[in-house]
Structures are given as C-alpha cells and as structure tokens.
Amino acid sequence: SLARKYKIKAAENLSSNTPVLVVDDHTDLRLIVVHQLQKLNIGPVRQAVGGIAAIELIQRSSERFAAIICDMQMETMGGLDLLQELRENTELDRSPFLLTIDSVSKEKIMLAVETGVDDILVKPYTLADIGPKLRSAFKVFHNPANPEKVCARRNETRKILLWAGFPTAMGRLFGQLVLLL
C-alpha cells in the first residue's frame with residue numbers, strides 16, 4: 001500500500017490523552033457532547049463556538065486533535081465550510097471529522113460525503129451513539145489505504161501521487177489525479 005511505501009504511520013485507536021475538538025455555536029449542545037466524551041474517557045476536550053473560532057484554535061494550538069466533532073449549521077462558519085478550509089489550507093492540521101446534523105435529508109448527507117466528512121452523527125444522539133461514530137470517523141481517517149487523509153498533516157513533506165477516486169467520494173465522482181504535499 002502507499003502508506004507502507006512512504007512509511008506513513010496511522011494511529012490505531014483514540015487516545016485518552018489526545019484532545020478532541022468540539023465545535024458548536026450552541027453552548028448547551030457543546031457541553032452535552034463534552035460531558036458524553038468525558039463519560040467515554042475520550043479527551044481532553046477543547047471547545048470552539050464556531051468554525052472561525054475552531055480555525056483560530058487549531059492555528060494557535062501545538063496539539064494535534066484526535067478528532068473534530070462539528071455541527072453542520074452554525075452562524076459564522078458551518079461544519080462543511082470548516083472542513084473545506086481544513087482540507088484546502090495546508091498550514092492547518094486535518095483531523096478525523098465527525099459532522100452532527102439535525103433535520104436529515106438525502107441532500108445534506110450527499111453534500112457531507114462529497115465534502116469529505118469521515119462520519120455523520122444525527123441529532124438527537126445519545127451516549128451510545130457518539131462513541132461508535134467517533135471511532136468510525138477515526139478509523140476512516142486513519143485507514144492506511146487512505147493516504148490522502150493520512151498525509152493531510154501540517155509539515156508533511158512527502159509527495160504522493162494518487163487517484164482521488166480511491167479514498168474520497170469526490171474522487172469517485174470525478175476520478176481526478178491529485179498531488180499531495
């Protein structure tokens with residue numbers, strides 16, 4: 001696989017000492033997710049009030065986040081816009097991305113998949129939902145057969161030529177070549 005060829009090491013599991021970023025503009029919902037993650041012994045947990053605040057936190061932070069749990073619809077910058085910025089800006093770390101959605105529709109889910117979301121959590125959700133979904137997003141992102149996401153890290157210097165169609169929904173649609181730095 002490309003991961004082995006370029007000596008890319010993928011994380012095995014969520015760590016209880018690697019921070020998770022929770023992004024939501026509703027304080028109550030954000031605190032519920034934080035509480036659920038603490039019950040699951042996942043964390044520490046960092047919080048951001050919206051997409052712009054999340055970008056600022058990621059830029060300032062020396063930590064790499066184990067995952068990002070983000071609401072789709074927020075006033076300043078929604079979850080899909082945040083993910084797009086993380087994917088396009090090579091100065092920002094790209095972490096496993098779990099999108100929370102209310103009022104689910106086929107269009108929202110298709111848009112989320114096309115944008116590159118690693119998993120989707122549908123509101124209202126419970127403690128029993130969040131753990132498996134977070135682990136699923138983590139596994140999708142850190143899949144060694146998925147070098148686009150494994151290599152999407154700050155200061156990554158390896159250049160890998162691959163078919164975008166192999167690891168991403170957008171690539172499946174267009175089958176374009178991409179060069180990752």
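Which residues are exposed on the other side of α5? The legends below get to that in a predicted model, starting with the helix itself.

**View 1. Helix α5 has a buried side and an exposed one.** Lys106 and Glu107 are the exposed residues on the other side of α5. Lys108, Ala112 and Thr115, by contrast, are buried. Looking down the axis of α5, you find these buried residues within an arc of 70 degrees, so they line one face of the helix. They pack against α4, β4 and β5 (119-122).

**View 2. A nonpolar patch sits on the surface around Val104, Ile109, Val113 and Val122.** Together these four have about 260 Å² of accessible area. Ile109 belongs to helix α5 (residues 106-115). With a relative accessibility of 32%, Ile109 counts as partly exposed.

**View 3. Helix α4 (residues 79-88) buries Gly79, Leu80, Leu82, Leu83 and Leu86.** Down the axis of α4, the buried residues stay within an arc of 160 degrees, so they line one face of the helix. Their cover includes β1 (20-23), α3 (51-60), β3 (67-71), β4 (97-101) and α5.

**View 4. The largest nonpolar core has 24 residues.** The members that touch the most others are Leu21, Val23, Ile68, Leu82, Phe97, Leu99 and Val117. At least two residues of this core come from each of β1, α3, β3, α4 and β4. Apart from it there's another core, of 16 residues, among them Val20, Ile69, Leu98 and Tyr125. Zoom in on Val23 and, leaving out residues up to four places away in sequence, its contacts include Ala48, Ala54, Ile68, Met74 and Leu82.

View 5. Most residues other than glycine have a negative phi, and most peptide bonds are trans. Asn41 is found in the loop between α2 (27-39) and β2 (45-48), and it is exposed, with a relative accessible area of 56%.

**View 6. Lys123 and Pro124 are joined by a cis peptide bond.** Omega here is about -5 degrees. Pro124 is in the loop that runs between β5 and α6 (127-141).

Note on methods:
Residues are numbered from 1 along each chain as its sequence is written. This is a predicted model: local features need pLDDT of at least 70, side-chain atom pairs count only at pLDDT 80 or more; totals for chains, interfaces and linings use all residues. Side-chain values use heavy atoms; hydrogens and water are left out. Patches are made of residues with over 30% relative accessible area and no salt bridge: like charges are joined within 9 Å, nonpolar side chains (Val, Leu, Ile, Met, Phe, Trp, Tyr) within 5 Å. Accessible areas come from the Shrake-Rupley method with a 1.4 Å probe; for residues, only the protein chains shown count as cover. A salt bridge is a side-chain nitrogen of Lys or Arg within 4 Å of a carboxyl oxygen of Asp or Glu. Helices (H or I, at least four residues) and strands (E, at least two) are DSSP runs, numbered from the N terminus. Buried means under 20% relative accessible area, exposed over 50%, partly exposed in between (1.4 Å probe, protein chains only). The arc is that of the directions from the helix axis to the C-beta atoms. Contact means heavy atoms within 4.5 Å. A nonpolar core is a set of buried Ala, Val, Leu, Ile, Met, Phe, Trp, Tyr and Cys residues joined through side-chain atoms within 4.5 Å.
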